[in-house]
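I set out to record what I looked up in this model, entry by entry.

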Amino acid sequence: MLTDCNADLCLPIRIRETVSRMTEDDSVKKASKRSAADEEMEVETVNGIEGTAKKSMTAAKRSRQQPSSVDVRKVPVPAHRYTPLKENWMKIFSPVVEHLKLQIRFNLRTRNVEIRNCPDTDDVGNLQKAADFVKAFVYGFEVEDALALLRLDNLFVESFEIKDVKTLRGDHLSRAIGRLAGKGGRTKFTIENITKTRIVLADSKIHILGSYQNIQVAMKAICNLILGSPPSKVYGQLRNVASRMSERL
């Protein structure tokens, strides 16, 4: 009887020890997952544009992601970008062919830049990356800035028009564009440097290149300027947001 009672008394203690051991194991697993996620999401800056560092792909994953058929992307080129495209063709051609292992050409008849994969292409995602890279250049970004789309992950190009924020016509529209650019482009450069993005003002169209979070900050500043806020007030708001973002990192 004594032995049975002792066994009954020891049972809750054993259960508690097992539960505590399981919770310790779970906490260790969660910590290791968190640290692994932190290592994967390393923030890197290329040419002043902030994004996530690219992860190296294993050979097995690379073999699984090899394209099974020929796929083509076509990027139309407007007339005012023919000359810049011709002058910078080798800067565009080299990374697409040598690093992404794709084939690229400019079709003179249709005025499109055509990109397609080939048997040497390692990753099916390279085709879309190359199309985004060429599209960014066509929008008006410098080749060095557009290259960040190939070197970093989680970078996007957001495009919108001034009329999407507020309907403006004539001199009112011209003044809004002037507020966005600033004297000698100072306002645009300030927004770019604080938010670690790149901005192109193409008449009433605005293109922003950067990470999702940074694009949202830049868009908020641009929308405030379009709605009539003075640049000094927008600068103050940007500095507050930038300081909060740096504290978080």
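**Strand pairing and its surroundings**

I began with strand 4 and strand 5 (residues 112–116), which pair in the antiparallel sense over five bridges. Strands here are DSSP runs of E of at least two residues, helices are runs of H or I of at least four, and both are numbered from the N terminus; two strands pair if DSSP finds at least two bridges between them. I noted that Asn107 has Asn112 in strand 5 as its bridge partner.

The model is predicted: local features need pLDDT of at least 70, side-chain atom pairs count only at pLDDT 80 or more, and totals for chains, interfaces and linings use all residues. Residues are numbered from 1 along each chain as its sequence is written, and side-chain values use heavy atoms, with hydrogens and water left out.

I then looked up the whole sheet: three strands form an open, antiparallel sheet in the order 3-5-4. Strand 3 (72–76) and strand 4 (103–107) each have a single partner strand, so they stand at the edges and one side of each lacks a neighbour in the sheet. Neighbouring strands are turned by 20 degrees against each other on average, direction ignored.

Two helices lie across this sheet. Helix 4 (residues 89–99) lies across strand 4 and strand 5, at about 150 degrees to strand 4. Angles run from 0 to 180 degrees between N-to-C directions of axes fitted to C-alpha atoms, for helices over the stretch in contact. Contact means heavy atoms within 4.5 Å. Helix 5 (residues 125–139) lies across strand 3, strand 4 and strand 5, running at about 5 degrees to strand 3.
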